[in-house]
Amino acid sequence: MILRPLLRRGGAAAAAASSGGARATEVTNPPSALASLLLASRSYAKAKGGGKPASATSNRGKIRAKDQRGVASADETAGAEFSAGGGGDDLDAEFELPTDPLPPTYDPALDVGPGGRPLFAFTDTFGSFAHRDSNVYVDFTLDEWKAMLPEGLPAGMMKEFQETRRCAVMVRKSFLDLRDNFRRIVDPAITTKHKDTKKQIVLDGPRSCGKSIALAMLVHWARTEGWLVFYVPQGKDWTHGGFFYRNTYSDFFDTPVQAAKILQDFLKYNETRLQQLPCQIFEPIPLGEGAGVGRMNEADTVEMPEGSSLYDLIQTGINHTHASVGVVVRLRKELSLIKDVPVLFAIDQYNSWFTFSDFQEPVTVRSCRSIHAKELTMVNAYRPMLHNDMMVGAFSHSTAVGKLREELPDVPSNARLMFPRYTLSEAETVCHYYMRQKIIRRENFSEEKWKKIYYLSNGNGSEMRWLAAFV
């Protein structure tokens, strides 16, 4: 992080010296900033016909880099001029994202990775990769990603897509290890060099090392394999916003607004499968306070009739706000009883379900007691990993939760898995990809320069993407 102010100053000073003064513009980030992705990424249905060149766009964004081309664009000409001294000291200066027309979506002469290997793999699933096939990019359109992960995509993944103008991700060995771990649980006959398996995994590691992207890729793979996946891309939403009602029966806090959203998200991809899965628990579901409407006077439980499916259960929680929290808790129990299809719980921002107060007694300040994450009804039902279900949670260091203890409550002591930064070979592939997407100028690309990017960033993904613009 210390490098950024130094490089900003140096980049601005160099640009001012070469051009006699740089120009800055107000940069907006319109809702259509990702519209060009559908042009830059390919659809597999059209792969045989080749791709068309993506036209020049006027998309702008905030990127901490100087103009890669070293030439002021037409839009920059209309901006306000600033001097070399003033521009160099502006550490928050905004710059345009690349707007050059990209080359054809697929060009064998350009799609070359390290050692002359292909840069892209033409496949519709992450299940076909062996470890020897790693360090290659897989390209989907934004619509294809949203179709497989309608609950939402990680913020880091969306930022990568926006700045590279392509919805491609690299298949890393660390992801393949994660995929094979759960694959061996479902099919023990599969042999790999790693014999031990874990049903519960907590992905930890440095910021921007790819934890959330790896989790999203795992969910994509599991769904193409026919698994039932309960995917939470933003675990922090479970503990922030909405209403918090004390449940007088359980003494936990109910969050009906979040509960209804969780049920709606779970239906988006799994509706057809859930209609085929019967309910196995028919005990009454407790009712709580509805969002903004209080409690029901005439009833305190609801029962699911015999023959109901999990789809019917979820619809009950969506249509009746008093039952939404109880249905989310019941759904957790129902999913653990399914044996006909593998079930995976995938929670991003998992560390937001823990706070320092989880290790302390409740604190009362001016008669307003702080609420612990463990006191939320839904978090208390889904956070524990001391069970026999397949579950993976990814830490997100952008949630400002802070560094937690090594041993977490209700989590196996061996569950934590440190996810690595880019290796040297992965960084080489990444820089070839950035050159392909015109983030790095081809005429300036060299082994010495991409290695500088790697060592300066220490393999941090977002730092490498930011430094690439200086090559």
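Which way, left-handed or right-handed, do helices H13 and H14 cross? Hold that thought: the second legend has the answer. Everything shown here comes from a predicted model.

**Figure 1. The whole protein comes first, with its 15 helices and 16 strands.** Of the 471 residues of the protein, 50% count as buried. Now take the contacts with a separation of 6 or more: residues 24 or more positions apart account for 76% of them. The close-ups that follow pick out a few places in this fold.

**Figure 2. Helices H13 and H14 meet in a right-handed crossing.** Here we're looking at residues 424-436, which form H13, and residues 447-457, which form H14. Their axes come within 10 Å and cross at roughly 120 degrees. That angle makes H13 oblique to H14. On the H13 side, look for Leu-424, Ala-427, Glu-428 and Cys-431. They meet Trp-450, Ile-453, Tyr-454 and Tyr-455 of H14. Sorted by class, this contact has seven nonpolar residues, no polar ones and one charged residue.

**Figure 3. Helices H9 and H11 pack with their axes 8 Å apart.** The angle between H9 and H11 is about 45 degrees, so H9 counts as oblique to H11. This time the crossing is left-handed. From H9 come Pro-256, Ala-259, Ala-260, Leu-263 and Phe-266. Facing them in H11 are Ser-324, Val-325, Val-327, Val-328, Leu-331 and Leu-335. The tally for this contact is 10 nonpolar residues, one polar and no charged.

**Figure 4. Helix H10 has H9 and H11 among its covers.** H10 takes in residues 310-319, and its buried residues are Leu-310, Tyr-311, Leu-313, Ile-314, Thr-316 and Gly-317. What lies over them includes helix H9 (256-276) and helix H11 (324-336), the pair from the previous view, along with strand S10 (285-286).

**Figure 5. Five strands build an open sheet with parallel pairing.** Reading across the sheet, the order is S7-S12-S15-S6-S16. Strand S7 (228-232) and strand S16 (416-418) are the edges, each pairing on one side only. From one strand to the next, the twist averages 20 degrees. Strand S6 (residues 200-204) is joined to S16 by three bridges, and the two run parallel. To find your way along this pair, spot Leu-203, which stands opposite Leu-417 in S16.

**Figure 6. Strand S15 sits between S12 and S6 in the order of the five-stranded sheet.** Five of the five residues of S15 are buried, so the strand is largely enclosed by the rest of the structure. One side carries Met-390, Val-392 and Ala-394, while the other carries Met-391 and Gly-393. Four bridges tie S6 to S15, with Val-202 partnered by Gly-393. Five bridges link strand S12 (residues 343-348) to S15, and there Asp-348 has Ala-394 as its partner.

**Figure 7. Asp-389 lies in the loop between helix H12 (377-382) and strand S15 (390-394).** Is this residue, Asp-389, buried or exposed? Its relative accessibility is 15%, so Asp-389 counts as buried. Leaving aside neighbours within four places in sequence, Asp-389 is in contact with Lys-199, Gln-200, Arg-332, Ser-336 and Phe-345. Val-343 is 46 residues away along the chain, yet its C-alpha atom and that of Asp-389 are separated by 7.5 Å.

**Figure 8. Another open sheet has three strands, in the order S3-S4-S5.** Here the pairing is mixed. Strand S3 (120-121) and strand S5 (168-171) are the edge strands, and each pairs on one side only. Strand S4 (residues 136-139) runs antiparallel to S5, with four bridges joining the two. One landmark in this pair is Val-136, whose bridge partner in S5 is Val-171.

**Figure 9. Helix H15 is mostly covered.** This helix spans residues 461-468, and seven of its eight residues are buried. The buried ones are Gly-461, Glu-463, Met-464, Arg-465, Trp-466, Leu-467 and Ala-468.

Technical notes:
Residues are numbered from 1 along each chain as its sequence is written. This is a predicted model: local features need pLDDT of at least 70, side-chain atom pairs count only at pLDDT 80 or more; totals for chains, interfaces and linings use all residues. Side-chain values use heavy atoms; hydrogens and water are left out. Two strands pair if DSSP finds at least two bridges between them. Axes are lines fitted to C-alpha atoms, for helices over the stretch in contact, and angles run from 0 to 180 degrees between N-to-C directions. Angles under 35 degrees count as roughly parallel, over 145 as roughly antiparallel, 65 to 115 as roughly perpendicular and the rest as oblique. A crossing is left-handed if the near helix is turned anticlockwise from the far one by less than a right angle, and right-handed if clockwise. Contact means heavy atoms within 4.5 Å. Ala, Val, Leu, Ile, Met, Phe, Trp, Tyr, Cys and Pro count as nonpolar, Asp, Glu, Lys and Arg as charged, and the others, Gly among them, as polar. Buried means under 20% relative accessible area, exposed over 50%, partly exposed in between (1.4 Å probe, protein chains only).
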